[in-house]
Structure formats: C-alpha cells, structure tokens
Amino acid sequence: MHGVDIDFEPTVENAVEFYHPEDQTTIQEAVERVLTDGEPYDLELRIVTADDEVRWVRTRGEPWREDGKIVGVRGTFQDITQRIERQQRLEEFASVVSHDLRNPLNVATGHLELVADECDSDHLDSVSRALERMEALIEDLLILAQDNKEVSDTQPVDLAMIADRCQENVQMEQGRVITTVDRTVWADSSRLKQVFENLFRNAVEHGGPEVTVTVGELTDGFYVEDDGAGIPTDERNAVFEVGYSQSANGTGFGLNIVKQIVDAHDWQIRVTDGADGGARFEITNVNFVDE
C-alpha cells in the first residue's frame, strides 16, 4: 500500500510521515493517546505513497502490553480508497441531481399553484401528487448518499423519546404509535431518527391510515411492528433493496435507508410477523447504555 520495497523497515516517525500532511497531526495524537492512556483508535485517513499517490486507509490501533505495561501499538491497516471514491462520486451525483431537479420542480410547483387559482380540475390533484413524489425521491436520494458511511460519533439516545418525536414528523393520519420500550442506546441520534421515520412511513403506506405501530424492547435491541397486512415470507429479503415498494406512494428507498443506517451502527435487522399479523422489524446487536 505504501509503495515501498519488501525490505523497508519503518520507524514510528517515518510511518507517520507517510500520512497526508493534513492528517499527520491526527494520527500522531491518536498514537500518543494509545501509548499514554491505552485509548485505542479507529480512523479513516489519507496516506501518500512512495510514488506520490494519495490513498485512503482505515487504520486501527490498540495498546500492546507486556507484563501489564504498554510497550507499543499494534493494529490493522486497510486500503479503503475504492469505497471512499465511490462515496464521493455518489455524494457529488446526489448534489448535482438534487440541484438540477429541484429548480424545475419548484417552477412546476409554483405554476401549479397559479393554475389551481384560475381553474378547478381533477387533473390538478394528480399533478400535485406527482410533484410531491418527485420531492420525496430527491430527499431520499440525498439521504442515501449521506448515510452510506460508518458511524463514529455516538451518544446516549432515549428510544421512547426519539420515537415520540419521529411520530410528530410523520403524517400518521388516524394512525398511532405505542411506545413500550424504556431503554437508552448508543447511537447517532440524527440517523436513528431517520430509521424510525422511515419505518413509521412504511407502516402507514402499507398498513393504511388507521395503522397502529408499536415500538418495543428486545433482549439485545428493539422492534418496530404494525398491525397492517404484513410482508410475505418470500419477499422479506427483498424489502431492503433499492426500488422495492408495495405501495404506489412509496419511493422504494425508505427501507434501504433503514438498512444502511442499521449496518453503519454494526447492528442487525430482520423482518418477521407482527403480533397482530403485520410486519415486525427487529433491530438487534444494539449497545444499551448501562442504567
């Protein structure tokens, strides 16, 4: 990865020098914390190879002890250049597409409002729904581009509190959310919020306007279930794929976004039957905050 000969024997100093100048302070401070405090690190940084090529790496280090004393650092070093470049291209694509689509979308929405003031037609409702769907697709595209990343900044998040807040952001119509969980988890709160919002929307889209959604506790996680029609067994592996939707109002991105965020937390998710015959999404391998 560094482009050096097989007999090259690096010291700590010249190993640090291989990092990009803007990242050298970060790795130096991380190594010092391992040696002095025994604090491990897990970082994504740039290196500059012997051929002056910039590569992205994931570097992890932990204290190496002998007789209880820290004598060095050991860990792993992984080339993640392709993943980072794919992510950057996706973000650029999402940014350009969303900008180029939003401009004509705003124009169309504005003219639709003017037309609606001048005449009354059943066709206007169809146009309005189509424009709203386009807006939803753009929003989901941006979320998909932003959420294909690992989670590094977690904090204690109260599941009941965040579920209640998300209910307020989703048009539940005559539906309701029942929260029976009373636990706090380590999570990225903004991204966990997207998990709940997308699962709530999915329940309304597929369960109808009077759907009841329950958020409950599992031994190593939590679940979100509804009392709708459920998901056939042979389709449960496909629901997280991009474009999957059983509803004409769905974007086909919602559950894929959920899966990406769950994966980014190193959690697991599966679909099963709800207590009342609907769909139940179980999220496990969650780290609870000790209470």
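This is a predicted model: local features need pLDDT of at least 70, side-chain atom pairs count only at pLDDT 80 or more; totals for chains, interfaces and linings use all residues.
Figure 1. The residues of α2 that are buried are I27, A30, V31 and V34. These residues lie on the same side of α2, because they cover an arc of only 95° around the axis. An α-helix has 3.6 residues a turn, so residues three or four places apart point the same way. On the other side of α2, T36 and D37 are exposed.

**Figure 2. Helix α2 and the residue that follows.** Helix α2 comprises residues 24-37, 14 residues in total. From its first C-alpha to its last, α2 reaches 20 Å, close to the 20 Å expected at 1.5 Å a residue. Just after α2 comes G38, which takes a positive phi of about 70°.

**Figure 3. The second largest pocket and its lining.** The space in this second largest pocket amounts to about 700 Å³. A total of 27 residues line the pocket, and V12, A15, Y19, Y41 and F77 are the closest to its centre. Two or more lining residues come from each of the elements α1, α2, β2 and β3. Strand β3 provides the largest share of the lining, with 6 residues. Sorted by class, the lining of the second largest pocket has 15 nonpolar, 8 polar and 4 charged residues. Rolling a probe the size of a water molecule over the atoms shows where empty space is left.

**Figure 4. Helix α6 and its buried residues.** Helix α6 is formed by residues 189-207, 19 residues in total. At 1.5 Å a residue, α6 should span 27 Å, and the 26 Å between its end C-alpha atoms agrees with this value. Which residues of α6 are buried? The buried residues of α6 are R191, L192, Q194, V195, F196, E197, N198, L199, F200, N202, A203 and V204. Just after α6, G208 takes a positive phi of about 95°.

**Figure 5. R58 of strand β2 and Q194 of helix α6.** R58 is located in strand β2. Is R58 buried or exposed? R58 has a relative accessibility of 16% and therefore counts as buried, since buried means under 20%. Q194, in α6, is likewise among the buried residues. In sequence, R58 and Q194 are 136 residues apart. In space, the C-alpha atoms of R58 and Q194 are 26 Å apart.

Key: Residues are numbered from 1 along each chain as its sequence is written. Side-chain values use heavy atoms; hydrogens and water are left out. Helices (H or I, at least four residues) and strands (E, at least two) are DSSP runs, numbered from the N terminus. The expected span of a helix is 1.5 Å times one less than its number of residues. Buried means under 20% relative accessible area, exposed over 50%, partly exposed in between (1.4 Å probe, protein chains only). The arc is that of the directions from the helix axis to the C-beta atoms. On a 1 Å grid over the protein atoms alone, a cavity is a set of points where a 1.4 Å probe fits but cannot get out, and a pocket is an open set with protein on both sides within 12 Å along at least five of seven lines; lining residues have an atom within 4 Å of a point. Grid points are joined across faces, edges and corners, and a volume is the space filled by probe spheres set on the points. Ala, Val, Leu, Ile, Met, Phe, Trp, Tyr, Cys and Pro count as nonpolar, Asp, Glu, Lys and Arg as charged, and the others, Gly among them, as polar.
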